[in-house]
Amino acid sequence: MLIVGAGFAGLYQLYRAREMGLRTRVLEAGDGVGGTWFWNRYPGARCDVESLDYSYSFSPELEQEWSWSERYAPQEEILRYINHVADRFSLRPDIQLNTRVTAASFEDEEGQWEVTTEAGERFAATYLVMATGALSLPQRPKLDGLGSFAGAVYHSAQWPKEGVDFTGKRVAVIGTGSSGVQMTPVIAEQAAQLTVFQRTANFSVPAHNVAFTPEALRAAKARYPERRILGREAITGQFLNANTKTAAEMTDEEKLAELEYRWKGAGGGFRMLRTFADQMSNEQTNRMVAEFVRAKIRAKIKDPRKAELLCPRDNLPFGAKRLSVDSHYYETFNRDNVDIVDVQATPIVAATPHGLRTTEREYDFDAVIFATGFDAMTGALLAIDIRGSGGVPLRERWKDGPVAYLGLGIAGYPNMFVIAGPGSPSVLSNVVHSIETHVDWIMRLIRRMYADGLKRVEATREAEAGWVQLCADEADKTLYTRANSWYVGANIPGKPRVFMAFVSGVPTYRRIIERVEANDYEGFKFASDAQSGELVRSSTACANTRSGNHHARRQ
Ligand code: NAP
């Protein structure tokens, strides 16, 4: 098995594959493990899912021996954790760093994948697992004149390892997604002047981050099994104490109390997304939440001009763009050295030798930071020239948007799996939980293939099309599709507008993939030799398998 990427997904896939006895190698572009947490080292970077949840659950010993310092661990601590996992489970010998995969093609004659790296190395593999991450291909808008800018230029996801000292500097941050929201308060404390260039005001909710006391951590660890069960049964794969009532089922007093309870934290920013059962499907309910949050934002910012700019417009449903979870973001704009520029009203036209020019004026800067996000969900996969059976390029198959069965297998791409890919809960969930779910499911499938003497598996076109339609139908029932978010590819010029995640939640998704498994992998087809692709078992033939008439019906 060849695994591309050594983040949370790649490491766990390696652990499980090796446990089964597969000869396995991980290829990783960076010079260290950690994926997202290796690259995103900007000031203030920390997880916005609680670290007790955003961590592996496969090893109770690991859960007990690792101690998180804060509710939301900072980037360097998460990176330390991932490195600890790599050492503790002796994963490093099978990880090849500094190795960027550029192409992967399924060779029909040999019935295996051939993978090529930037340095020209070639690998052959029976199974190919893409653990390339949903938010790993940084996007930086083209800016005329950037080459002439005399100052320093950074991207949040390509941050220098040695860090950057902004003391006394005039700094521009372009972008106000989660990365911009996290770095702004920290840079503001160092910089002489910080100017935030905002194109769209997004909703951010307070993290209420706290350091763990030894007692609190001990108590949390003592309840770890229960915590994991609650997480597995929660829509996002982390327990957010979701309100099961719709707004219509509550009195005005109850609604306000629920909103206040969630705003005050009660354990984490994302709980605000679960204030009412219908807030992502009922416009009126959503507007009520949005109004509540807007009032809270206004109350934090003294300057009415800044407050109005920072308040999301009412055409953006609350939560339809990925919510940010912040520590003192809005309050930072009360500082004299921090200002905000509305890029929609006065777009940035070009960089100059001294800074940036908008349609209104010129600004002088020592540093410009792009916090402009990623080509999400599909970017890292399509950056690799992946070709399936018959040489079909994935770039071609996905030209109208990603298609994948269950978000993990693609018709025409035998023995290839995508971890937390498009069409799975992935970015709408506690992704570490989603990663573990996918890897465990894939490993059960591969074990089953070995047991049955099967060499080749791939999703059927029909199953794939049905799944893509289901994902689109479910998304259309929600307000998610209303926003110009990276969930729909709107941040990348020319990208097809498709809602790319499975929206109906982690427990529903898990039950579906478990049912597929129980039904002898309905929607997948198998072959006993990897070359021919001759089908020996499909969901229709599976009935025979269960009655003992194994491989009875060749098709
Ligand atoms: P993002 O959410 O895509 O935000 C990018 C920002 O840049 C947006 O404000 C966007 O404006 C702006 N932008 C893009 N192109 C621009 C242009 N040409 N001119 C002006 N502004 C431009 O990216 P991100 O903040 O890196 O976050 C991406 C995702 O990564 C998050 O949603 C989250 O899932 C994850 N993340 C997680 C954490 C965490 O857990 N702690 C931290 C950071 C990121 P528009 O809104 O108008 O497009």
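A: Let's begin with one residue and its contacts. Ser156 touches Trp39, Asn40, Arg41, Tyr42, Ser179, Met183, Phe370 and Ala371, leaving out residues up to four places away in sequence. Keep in mind that this is a predicted model.

Q: Is Ser156 buried or exposed?
A: The way to tell is to check relative accessible area: under 20% means buried. Ser156 has 1% relative accessibility, so it counts as buried.

Q: How far apart are Ser156 and Ala45, in sequence and in space?
A: For this you compare two kinds of distance. Along the sequence, Ser156 and Ala45 are 111 residues apart, and in space their C-alpha atoms are 9.1 Å apart.

Q: And how far apart are Ala103 and Ser51?
A: Here 52 residues separate the two in sequence, and the C-alpha to C-alpha distance is 35 Å. Ala103 itself lies in strand β4 (residues 101–107). The residues Ala103 touches, not counting those up to four places away in sequence, are Glu114, Val115, Thr116, Ile384 and Asp385.

Q: Could we try another strand residue? Which strand holds Val4?
A: Val4 is in strand β1 (residues 2–4). With 7% relative accessibility, Val4 counts as buried. Beyond residues up to four places away in sequence, Val4 touches Leu27, Val101, Leu128, Val129, Met130, Ala131, Thr132 and Ile384. Val4 and Val418 are 414 residues apart along the chain, with 9.8 Å between their C-alpha atoms.

Q: What lies 2.6 Å from an oxygen atom of the ligand?
A: That's a polar side-chain atom of Ser179. Arg199 also has a polar side-chain atom by a ligand oxygen, at 2.8 Å, and for Lys321 the distance is 2.4 Å. Taken alone, the ligand exposes 910 Å², and the protein buries 87% of that.

Q: How many residues are in the largest nonpolar core?
A: This core has 135 residues, and Phe8, Tyr56, Phe318, Leu406, Trp441 and Phe524 touch the most other members. Its largest share, nine residues, comes from helix α14 (residues 431–452). There's also a second, separate core of 23 residues, which includes Leu2, Leu27, Trp113 and Phe123.

Q: What does Trp441 touch?
A: Skip residues up to four places away in sequence, and you get Leu406, Leu408, Ile513, Glu514, Val516, Glu517, Tyr521 and Phe524.

Q: Tyr521 is on that list. What is its phi?
A: First, the general idea: most residues other than glycine have a negative phi. Tyr521 has a positive phi of about 60°, although it is not a glycine. You'll find Tyr521 in the loop between α16 (506–518) and β21 (524–527), and at 2% relative accessible area it is buried.

Q: What about the phi of Ser426?
A: Ser426 has a positive phi too, near 30°, and is also a residue other than glycine. Ser426 sits in the loop between β19 (416–418) and α14. Its relative accessible area is 0%, so Ser426 is buried.

Q: Let's finish with a lysine. Why is Lys255 called buried?
A: Use the cut-off again: buried means under 20% relative accessible area. Lys255 has 15%, so it is buried. This residue lies in helix α8 (residues 252–263). Leaving aside neighbours within four places in sequence, Lys255 is in contact with Ala247, Met250, Phe276 and Met288.

Terms used. Residues numbered from 1 in each chain as written. Predicted model: local features only at pLDDT ≥ 70, side-chain atom pairs only at ≥ 80, totals over all residues. Heavy atoms only, no water. Polar contact = N/O pair within 3.5 Å; in protein donor to acceptor, adjacent residues only side chain to side chain. Areas by Shrake-Rupley, 256 points an atom, 1.4 Å probe, with all protein chains shown as cover. Core = buried A, V, L, I, M, F, W, Y, C linked by side-chain atoms within 4.5 Å. Buried < 20%, exposed > 50% of the residue type's maximum accessible area, 1.4 Å probe, protein only. Helix = DSSP H or I, 4+ residues; strand = E, 2+ residues; numbered from the N terminus. Contact = heavy atoms within 4.5 Å.
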